[in-house]
Amino acid sequence: MMAPAAATKRPCVPLRRQLEEIVGARFVLCSPQRQRRFTRGYRFGEGEAVAVVLPGTLVQFWRVLETCVNGGNAVIAQAANTGLTGGSTPHGVGYDRDVVVINTMRIKSLHLLAEGRHVVAFPGTTLDELEKALKPLGREPHSVIGSSCLGASVIGGICNNSGGSLIQRGPAYTELALYARVDADGRLSLVNHLDIDLGDNPEEILSRLDQKGYRPDQVMWDGSKAASDREYADHVRNIDAPTPARFNADPRRLFEVSGSAGKVIVFAVRLDTFEAVRDARVFYIGTNDPDELTRIRRAMLSSFSILPIAAEYIHRDAFDIAECYGKDTYLLIKMLGTGHLPKLFAAKSRFDAFAERLSFLPANLSDRVMQAFSRLFPSHLPPRLKQFRDRFQHHLMIKTAGSTVNESRTLLASLFPSEAGDFFECTPQEGPAAFLNRFATAGAAVRYRAIHGATTGGIVALDVALPRNETDWMERLPDEVEQLILKKLYYGHFFCHVFHQDYIVKKGVDWLETEHKILELLDRRNARYPAEHNVGHLYKAEDAVVAHYRELDPCNCFNPGIGRTSKRLRWC
């Protein structure tokens, strides 16, 4: 079926014509300029594709996939391309076949089942779109603001073991999905595990799903398959366990499309939704003693009748970077919401592609313009947040509702004020501002490097899961590593013990070598990584993950090379 071929930079005429007949010439991209935002990762990684194809329906998606598989092409399915590890783009060289990227963001439907108790999400459906569809029903998806800020897709979260910030819900997970795979004999097939009767052959199944051509009585509800991680709330409460609460290679949550990282091609997933939280209150804690935050975490997880909604940590250095270099993201979300951000990022990518062709323009021009734009606005953070920034190194935001509000007040009042720390209960304006500043941090490191390229090297961006019983969670780097780093950003999902650790290295320092040194230190602490992102092309996949990939994709047809595995046909 698929003989290895030397990579080319342009599709042969028959392939291009076949793809154009399926989706139209407008949606087959062959020039590097038009492909740029699909072949370059948001933060990391880029490579060449023989074509980028944008199908508009599930049936078109299937026909494009059939054409690529029958033609011997490797396929990378991609949604919003918001990942941080390069897992949804080609990467470097070493492919023994031409690579076709299939971007699915035109396929945006979603179906609400049983008054929104379940949702069927299509490949291009974003978290933001799902959140808006559920809001009138008083429900919400697994993940809320965070990845949704960048327009991340629902299916991307499932495939990439995304964790999110909500303590009770754990990693994105489902056992109900519709996906395509290639077996060991090279045969492409469609697997319908949605528990919805849609017919027998692939085009019939996909056409009926495209048109929502099924009745309520054709949807099965026997409850035997999970549509979320139902066990996580109990799992995270086990604060004395020597293993992390959640991490990418956890075998308990590797199942078919869950954790598949593009090794199968996903057409739809069926997921639980959740009753929306009402009357939430946010408590803001600052301290110079990290042990005080540990006491809060262990007390709330072990003794509270209901878990808090979220508990987000940010170090003062990360607070500062986010306040300055994430300001435009903060303001755009506050003024426009998250729905417009994907279009803005797409426009930014097109602008960058144009600017790069003009050698007299400075590098990273769009970032420079957006940073200058942000400086036109006055300080955007509430005064009490900035006062706590001046007083304390460590900041924790805890969102609660219902009975946990009074429990939180009582606990925090018994601990603070102390010699090292204090807390306050946020106003309705301060709480969202605190969380939004925290979520602006992820892109702030990228912006800092773009603006200060003359004095900075690369970025080491890690997401790390510490054991649930770890109390000494604050990292201390040895001097020989510390001297390589210009800026460190620590932030994360504190109760889950998942930390994002960004290191901006000094000019001339090899960021990859620095990463390896830091990973060695993390290994000694029994940390696991990545914690909630895809391994992409940045991390080496653990044995359990590689086994999952090889079982799903024995021919290595889809997303070859992921997790630093082989890029070659049949893993050779």
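The chain exposes about 22900 Å² of surface, and carbon and sulfur atoms supply 51% of that area. Keep in mind that this is a predicted model. Of the 572 residues of the chain, 59% count as buried.

Next, the overall build. The chain has 19 helices and 18 strands. Along the principal axes, the C-alpha atoms fill a box of roughly 70 × 60 × 45 Å.

How do the parts of the chain meet? Take the contacts in the chain with a separation of 6 or more. Residues 24 or more positions apart account for 77% of them.

The aromatic rings come next. The structure holds 19 aromatic pairs. One of them joins Tyr284 and Phe424. Their rings are stacked, with 5.4 Å from centre to centre and 15° between the planes. An angle under 30 degrees counts as stacked. This pair links distant parts of the chain. Tyr284 belongs to strand S12, which covers residues 281–287. Phe424 belongs to strand S15, which covers residues 421–425.

Compare the geometry of another pair. Phe388 and Phe392 form an edge-to-face pair. Their ring centres lie 5.1 Å apart, and there are 70° between the planes. An angle over 60 degrees counts as edge-to-face. Phe388 and Phe392 are both buried too.

Rings can also join up in a group. Ring pairs link Tyr313, Trp473, Phe494, Phe495 and Phe499 into a cluster.

A ring can also meet a charge. Arg106 lies over the face of Phe27, 3.5 Å from the ring centre. Lys399 gives a second example: its charged end sits over the ring of Phe435, at 4.8 Å from the centre.

Now turn to the backbone. Two peptide bonds deserve a look. The bond from Phe416 to Pro417 is cis, with omega near 0°. Where is Pro417 placed? Pro417 is in the loop between helix H14 (403–415) and S15. Pro530 is found in the loop between helix H18 (511–524) and helix H19 (543–552).

Glu115 has a phi near 55°, a positive value in a residue other than glycine. Glu115 lies in the loop between strand S5 (110–113) and strand S6 (118–121). Is Glu115 buried or exposed? Its relative accessibility is 72%, so Glu115 counts as exposed.

Asn364 is the other case. Asn364 is not a glycine, yet its phi is positive, at about 55°. The residue lies in the loop between helix H11 (341–356) and helix H12 (365–374). Its relative accessibility is 37%, so Asn364 counts as partly exposed.

Methods
Residues numbered from 1 in each chain as written. Predicted model: local features only at pLDDT ≥ 70, side-chain atom pairs only at ≥ 80, totals over all residues. Heavy atoms only, no water. Phe/Tyr/Trp six-rings, centres within 6.5 Å; stacked < 30°, edge-to-face > 60°. Helix = DSSP H or I, 4+ residues; strand = E, 2+ residues; numbered from the N terminus. Buried < 20%, exposed > 50% of the residue type's maximum accessible area, 1.4 Å probe, protein only. Lys NZ or Arg CZ within 6 Å of the ring centre and 35° of its normal. Contact = heavy atoms within 4.5 Å. Areas by Shrake-Rupley, 256 points an atom, 1.4 Å probe, with all protein chains shown as cover.
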